[in-house]
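Dear colleague,

Please find below the structure that I am handing over to you.

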Amino acid sequence: MLFTSTKGQHRKLELELTGKLYAMRHMKCQWNAWKQIGPKRMVEAFLPLLQSSQSPSIVNASSLVGKLEVPHGAKGWPLAYAISKASLNAYTRILAKKLPSFKVICVYPGYVKTDMGHNIGLLTPEEGAESPVRLALLPDDGPSGLFFSQKEVSSFE
């Protein structure tokens with residue numbers, strides 16, 4: 001786009017762009033805050049139903065970026081995303097202690113082809129769903145309070 005070089009028009013453009021950038025940053029903050037609040041609200045909403053189950057389980061979809069020590073190759077992700085996933089991992093551990101009769105697990109399903117990842121992931125959505133579904137269906141004496149990287153137990157660090 002071409003603009004004439006009068007001071008007033010430049011200032012107007014600068015204010016418009018600043019406003020748009022602020023709105024975009026605000027939306028990103030809201031999105032990442034929702035990633036932190038959403039799972040908590042979901043658990044609270046479904047808790048009565050889960051408590052009536054003979055085999056209650058909660059499987060949170062996390063990311064390697066949410067580990068306390070970010071693995072090589074995962075750097076470069078937005079800080080807000082990493083913080084939201086780290087808080088989800090912490091919430092998983094808190095829930096596992098708070099609800100000892102539940103299986104509460106978080107899982108990194110792998111790099112899945114999604115709209116959020118611009119469809120450049122390595123796994124199809126069906127392949128990405130395999131680990132969370134398998135973990136949700138573990139027997140009653142299955143693990144709780146753990147982090148899984150696909151099918152393997154991994155550390156939170």
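In this predicted model, the buried residues of helix α2 are Y81, A82, S84, K85, L88, N89, Y91, T92, L95 and A96. The helix has 20 residues, and from its first C-alpha to its last it reaches 28 Å, close to the 28 Å expected at 1.5 Å a residue.

The protein contains three helices and four strands, and from the N terminus on its elements follow the order α-β-α-β-α-β-β. Of its 157 residues, 32% are buried. The accessible surface amounts to about 10,900 Å², and carbon and sulfur atoms account for 63% of this surface. Among contacts between residues at least 6 apart in sequence, 63% join residues at least 24 apart.

The four strands form an open sheet with mixed pairing, in the order β1-β2-β3-β4. Its edge strands are β1 (57-61) and β4 (152-154), each of which pairs on one side only. On average, neighbouring strands of the sheet are turned by 35° against each other, direction ignored. Strands β2 (residues 103-108) and β3 (residues 146-149) pair in the parallel sense over four bridges, and I105 stands opposite L146 in β3. Helix α2 (residues 79-98) packs on this sheet, where it touches β1, β2 and β3; the direction of α2 makes about 160° with that of β2. Helix α3 (residues 125-136) also lies across β1, β2 and β3, and runs at about 170° to β2.

Which residues make up the largest nonpolar core? There are nine in all: V43, L50, I58, Y91, L95, A96, L99, F102 and V104. The elements that give two or more residues to this core are α1 (7-51) and α2, and α2 provides the largest share, three residues. Apart from this core lies another, of five residues, among them I105, V107, L138 and F148. In soluble globular proteins, nonpolar side chains tend to be buried together.

Is S63 buried or exposed? S63, whose place is in the loop between β1 and α2, counts as buried because its relative accessibility is 6%, and the cut-off for buried is under 20%. Leaving out residues up to four places away in sequence, S63 touches Y81, K85, N89, Y108 and F147.

With its neighbours within four places in sequence set aside, A61 is in contact with K85, L88 and V107. The C-alpha atoms of A61 and P109 are 7.0 Å apart in space, although 48 residues separate the two in sequence.

A colleague

Definitions and conventions:
Residues numbered from 1 in each chain as written. Predicted model: local features only at pLDDT ≥ 70, side-chain atom pairs only at ≥ 80, totals over all residues. Heavy atoms only, no water. Pairing = 2+ DSSP bridges. Axes fitted to C-alpha atoms, helices over the stretch in contact; angles between N-to-C directions. Contact = heavy atoms within 4.5 Å. Core = buried A, V, L, I, M, F, W, Y, C linked by side-chain atoms within 4.5 Å. Buried < 20%, exposed > 50% of the residue type's maximum accessible area, 1.4 Å probe, protein only. Areas by Shrake-Rupley, 256 points an atom, 1.4 Å probe, with all protein chains shown as cover. Expected span 1.5 Å × (residues − 1).
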